[in-house]
Protein chains: 2
Amino acid sequence: AILICCCCALLLLILTPRACQAGNILVLPAEGSHWINMDILLEALHSRGHNITIVCSSKSWYIKENTSYYNTIRVEVERGIDELLTTKILSKVVEFERGSLSWMNFLHTSVGMFSTFIEIHQLLCDFLSALLDDQDLMMNLKESKFDLLLTDPCWGVGTILAKYLNLPLVYNVRWLIVQEAHLTISPSPISYIPITGSGNTDKMTFFQRVNNMLLYLVPQIQNYLAVKLVYQKICDKYLGLGKDFNQLMLDADIWLMRVDFVFEYPRPTMPNVVYIGGFQCKPAKPLPQHLEEFVESSGEHGVIIMSLGTFVSELPADITNKIAEAFAKLPQKVIWRHKGDRPATLGNNTLLVDWMPQNDLLGHPKIKLFVAHGGTNGVQEAMYHGVPVVGLPVFFDQYDNLLRLKDRGAAKIITFTTVDKDNNFLEAVQEVLNEPSYRINIQRLSRLHRDQPIKPMDNANFWIEFVMRHGGAAHLRTESYRLPWYSYHSVDVILFLLTAALLILFILVRLVLSCFRLCLKRKMKSD
Amino acid sequence: AILICCCCALLLLILTPRACQAGNILVLPAEGSHWINMDILLEALHSRGHNITIVCSSKSWYIKENTSYYNTIRVEVERGIDELLTTKILSKVVEFERGSLSWMNFLHTSVGMFSTFIEIHQLLCDFLSALLDDQDLMMNLKESKFDLLLTDPCWGVGTILAKYLNLPLVYNVRWLIVQEAHLTISPSPISYIPITGSGNTDKMTFFQRVNNMLLYLVPQIQNYLAVKLVYQKICDKYLGLGKDFNQLMLDADIWLMRVDFVFEYPRPTMPNVVYIGGFQCKPAKPLPQHLEEFVESSGEHGVIIMSLGTFVSELPADITNKIAEAFAKLPQKVIWRHKGDRPATLGNNTLLVDWMPQNDLLGHPKIKLFVAHGGTNGVQEAMYHGVPVVGLPVFFDQYDNLLRLKDRGAAKIITFTTVDKDNNFLEAVQEVLNEPSYRINIQRLSRLHRDQPIKPMDNANFWIEFVMRHGGAAHLRTESYRLPWYSYHSVDVILFLLTAALLILFILVRLVLSCFRLCLKRKMKSD
């Protein structure tokens, strides 16, 4: 028996993922759903024995005080960004989506939203200034000998802090300030790469390509004219003059990209981009008893679950009533994450909940359909567990996330403009439930996603520890971002070669003409 | 004891790499050193239980008759390419390298070499025609239900056969017909990506970038004007009109790229490119007794090994003598793979051999230096085992392979032009032996190369079996190569947007002018 125990111990030892020496990780996370992602990664890193320290603002509304797996350093600021984000941006979104704004109001709201975004970045920079000006804290951070800084570059402050502290830099990334991160790090032909927000796929008509190009250019211009300037000021002040903020953002060692190419359309990438899409997914755990009983009671018809994510818990009453009415007509049972008033039209088959164990429900064999808003987490979990989706996108990337499922025949999308018209919602739900292709397609995606040489979370851990072991990953970073744009695109070289070619042509023509004249002269003389 | 046995069996079962159902693989390999690479991969695939069938020409000079791990189908052809390659190309190379050709001769030889290359591709197409015209054989191949075709696209024939048989396609690749494969599959800014043959690194001056651009353009033009046409004729004949050969070459499921980013400079890549650089490297086995004794006799000074690869076994006598003379002056022992006459100046410390177990020697702790020609295999093995290199490049990519080590401080290069001048060779060898930085740098590269989440050979096997499991890897292939060049580069969209912008500007200017005139008129009237 002792021998067997030894054998099993050996087995465990061999199968345990190779752990690195305990590392010391500084984290500057973003808020909202970005934090949810980061938190999962931090928990995994902690379980591998690393020490984690988080820097955040005193007004942070997601990051908890010191937990068992990280310490927090809170920097005192006067205003947080949550209030701006929720009151000034999210409240406008449903109006936006429903098209219920007049043309002038639309323009006004758009400009207002953009200036709110600038304000948010300005508040972030104030937070960073407060941090960098705190001499004692900075001394403390320098003496803590961190192995790397982990950040989400949808905010620019983490990168500047890493450069200030001269630490190797790892991104947990999908967006880079104003746009999808691939657009910044790798050459991205706009002809077949759909810009998020365009509603395009990788197969576009001419006018879709025109629209795609415009949607690519507008944030670029916004970035150069406004967002960059906010951060550039901080760079100049704390890192010294001559550091271009945009170039700085590209100078990370590893980019842990929160997509994979089952979800995302294939596109050029870079050697230091590591795809960890679906790293948050895991096999389902058993459900709490009351949910398990409810789910089992659905019989052969199965269950539909509905959730619109962290931000949107309340919808306008007319929409809510229409959805409840549609659910009431179905033979399936429904679990609906809903926070507002109980809809008048709610059927007996529908269970309203404040919160649901989404991953565990999606992994339950009785779940037939997921009504989702299209946040990355939900879409990845639906793909992982192979549950078809009816999408009700609210804002940001949600429509485009759902589009990636729809384009592969695994989802149907309804917009807020049409959800309360006729029987749109009911028909969409019935189509996805009854047409087998949706389930077949999402399960094909699930098989592809699960068939990887290394699990996404293990990959993330490997590369973070790689950066610790080697003090960075310089050999995976290109020289591209050190070049000015005209050199990067070889404009100078092409102009030089064209000039040289024209010069040679000119000289040749002159020579031939001279010879010709000379011959003519001689001929005339001899005549 | 039975329990322990069961436990061990379980252990073995868990630790064995996940094997796929036995697959059926059709292979169309290239010859020469390319075959050596392919052979290693085939042996690994066979050991995982797959059936392997090779199609080659009856004049193939590398591929053995049926072995224990593959069957061969030989297609009768009149002429092989070996004779052309060795007599018309390789024989000219050392003259080329030594600069001993006159200017006119140089031009003549260059044109001659290029036309020989075209001739080789023509012979390959003849081989493919003979294969495709053999009705019985083709019927047989179709009935064999292969899971995929594996080929090296430095020849275009494998791709055409795969398309003809409608099989998923996997490349074991570094070169694609006329150029480095990345240049074809992924966007490659010539501003920081050195073209093989240019002798540039990823950090270039303006004139190096000019030279780089020219060396990028010339093969492109050669390809469009000559090489492509040879293959296009075969495509048109056997695949039907309207299939562009260049686009066809891009339509492979997986590209097993024989580099990694410890060796290669970082550059853009694609989702279906899998890096397997160093897949041929393995831990050293014990040496044969006579070699082990010779190596051990070197004492603290250690051993130098020298090999110039498969093609070059004989060098001009003056060079050989100079090298032997230099070796004789060293306290180290030397093992030299040499086939010609015994050099007159050979010292007692030097052992001439016909063949050497290169990988096992490089892995031996007594080996201090590798004098190599810079073939990919040798360079990868030196990196894997961490042995510094003195490079003596002969042709093709060898200078550039060695440059990648030199640029990282792990090698010194001598060209054939200078190897017999003064004490150049001796001094280079002494510098690399005595200056510790060379060893430190190559061992750093070795550590980086070995620190990967999955071993290169396992990665190759995984993706080949992935293609078997899913009937291809369509989700990793971009839409890029389906677009005409002007759409791919958005030229049409940019012209459209510029025209629209100009039109709007024009109308605005006209409107303002009209208003202005109207106001002026009114003012004059009222005056």
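This report describes a predicted model with a chain A and a chain B, beginning with the single chain and ending with selected residues.

**The chain**

Chain A contains 19 helices and 15 strands. Its C-alpha atoms fill a box of roughly 115 × 60 × 60 Å along the principal axes. Of the 527 residues in chain A, 55% are buried. Among the contacts in chain A with a separation of 6 or more, 64% are between residues 24 or more positions apart.

**How the two chains are related**

Chain B is superposed on chain A by a rotation of 180 degrees with 0.1 Å of shift along the axis, and the RMSD is 0.1 Å. This is the relation of a two-fold axis. Which residue of chain B comes closest to the rotation axis? That residue is B:Thr269, whose C-alpha is 2.7 Å from the axis.

**The interface**

In the interface, 56 residues of chain B are in contact with 56 residues of chain A. The size of an interface is often given as the accessible area lost when the parts come together. For chain B and chain A that buried area is about 4,900 Å², with 75% of it on carbon and sulfur atoms.

The elements of chain B that give two or more residues to the side touching chain A are helix H1 (2-15), helix H8 (206-239), helix H16 (436-450), helix H17 (456-470), helix H18 (485-488) and helix H19 (491-526). H1(B) gives the most, with seven residues. By class, this side of chain B has 35 nonpolar, 10 polar and 11 charged residues.

Six salt bridges are counted between chain B and chain A. One salt bridge joins A:Arg209 and B:Asp492, with the closest N and O atoms 2.7 Å apart.

**Salt bridges**

Over all chains, the count comes to 38 salt bridges.

| Pair | Closest N to O distance |
|---|---|
| A:Arg209 and B:Asp492 | 2.7 Å |
| B:Arg267 and B:Glu180 | 3.4 Å |

A:Arg267 lies in the loop between strand S8 (254-257) and strand S9 (273-275), and A:Glu180 in strand S7 (residues 179-180), so the pair ties together parts that are 87 residues apart in sequence. Are these two residues buried or exposed? A:Arg267 is buried, with a relative accessible area of 3%, and A:Glu180 is buried as well, at 5%.

In chain B, B:Arg267 forms a salt bridge with B:Glu180. This pair links distant parts of the chain, 87 residues apart: B:Arg267 is in the loop between strands S8 and S9 of chain B, and B:Glu180 is in strand S7 of chain B. Both B:Arg267 and B:Glu180 are buried. In chain A, salt bridges that share partners join A:Lys163, A:Asp251, A:Asp253 and A:Arg477 into one network.

**A covered helix**

Helix H13 (residues 376-385) of chain B is mostly covered, with 10 of its 10 residues buried. The buried residues include B:Glu381, B:Met383 and B:His385. What covers the buried residues of H13(B)? The covering elements include helix H2 (33-47), helix H12 (358-362), strand S13 (367-372), strand S14 (389-391), helix H14 (398-407) and H16 of chain B. Just after H13(B), B:Gly386 takes a positive phi of about 70 degrees.

**A buried glutamine**

B:Gln332 lies in the loop between helix H11 (317-328) and strand S11 (333-337) of chain B. B:Gln332 has a relative accessible area of 8%, which means that this residue is buried. A polar atom of its side chain lies 3.3 Å from the backbone oxygen of B:His301. Leaving aside neighbours within four places in sequence, B:Gln332 is in contact with B:His301, B:Gly302, B:Ile304, B:Asn349 and B:Leu433.

Methods. Residues are numbered from 1 along each chain as its sequence is written. Chains are lettered from A and ligands numbered from 1 in the order in which they are written. This is a predicted model: local features need pLDDT of at least 70, side-chain atom pairs count only at pLDDT 80 or more; totals for chains, interfaces and linings use all residues. Side-chain values use heavy atoms; hydrogens and water are left out. Contact means heavy atoms within 4.5 Å. Buried area is the accessible area (1.4 Å probe) that two parts lose on being put together, summed over both. A salt bridge is a side-chain nitrogen of Lys or Arg within 4 Å of a carboxyl oxygen of Asp or Glu. Helices (H or I, at least four residues) and strands (E, at least two) are DSSP runs, numbered from the N terminus. Ala, Val, Leu, Ile, Met, Phe, Trp, Tyr, Cys and Pro count as nonpolar, Asp, Glu, Lys and Arg as charged, and the others, Gly among them, as polar. Buried means under 20% relative accessible area, exposed over 50%, partly exposed in between (1.4 Å probe, protein chains only). A polar contact is a pair of N or O atoms within 3.5 Å; within protein, one must be able to donate a hydrogen and the other to accept it, and residues adjacent in sequence count only if both atoms are side-chain atoms. Copies are superposed by least squares on the C-alpha atoms of residues with pLDDT of at least 70 in both.
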